[in-house]
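Biologist: I would like to learn how to read aromatic pairs in a protein model. Could you walk me through it?

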Amino acid sequence: MNVKVKKISIEESILEVETISGIKELVISKTKHGHSYDDFGKWDITDKQYYELEELVDYVIARMSDDSELNVLWDC
């Protein structure tokens, strides 16, 4: 499964996820009480891919909150 981080900011981040059935877009938005994003549990992905995507979302939210000391830049 390929994932492209198209945007990451304090207010909103956008991930482009390649599923078995096609490209899906996952938008993570800052809210008054934290962050929200659409449930991707019904997407055409495996259980392992679901959990890995969940970990990536957690990382992105940490970056949005400026809680992460890890700044990863992928150039591949």
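**Reading aromatic pairs**

Modeller: Happy to! This is a predicted model, and a search of the whole structure finds 4 aromatic pairs.

Biologist: How is a pair of aromatic rings described?

Modeller: A pair of aromatic rings is described by two things, the distance of the centres and the angle of the planes. Take F40 and W43 here: their rings are 5.9 Å apart, centre to centre, with 50° between the planes, and the pair is tilted.

Biologist: Are F40 and W43 buried or exposed?

Modeller: Both F40 and W43 are buried. For F40 the relative accessibility is 2%, and buried means under 20%, so F40 counts as buried.

Biologist: What kind of aromatic pair do F40 and Y50 form?

Modeller: F40 and Y50 form a tilted pair as well, with 5.0 Å from centre to centre and 45° between the planes. F40 lies in the loop between β4 (34-37) and α1 (47-64), while Y50 lies in helix α1, so the pair ties together parts that are 10 residues apart in sequence.

Biologist: And how accessible is Y50?

Modeller: Y50 has 24% relative accessibility and therefore counts as partly exposed.

Biologist: Which residues form one aromatic cluster?

Modeller: Y37, F40, W43, Y50 and Y51 do.

Biologist: Where is D47, and is it buried or exposed?

Modeller: D47 sits in helix α1. With a relative accessible area of 61%, D47 is exposed. From C-alpha to C-alpha, D47 and N2 are 15 Å apart in space, and they are 45 residues apart in sequence.

Technical notes: Residues are numbered from 1 along each chain as its sequence is written. This is a predicted model: local features need pLDDT of at least 70, side-chain atom pairs count only at pLDDT 80 or more; totals for chains, interfaces and linings use all residues. Side-chain values use heavy atoms; hydrogens and water are left out. Rings of Phe, Tyr and Trp (its six-membered ring) pair if their centres lie within 6.5 Å; planes under 30 degrees apart count as stacked, over 60 as edge-to-face and the rest as tilted. Buried means under 20% relative accessible area, exposed over 50%, partly exposed in between (1.4 Å probe, protein chains only). Helices (H or I, at least four residues) and strands (E, at least two) are DSSP runs, numbered from the N terminus.
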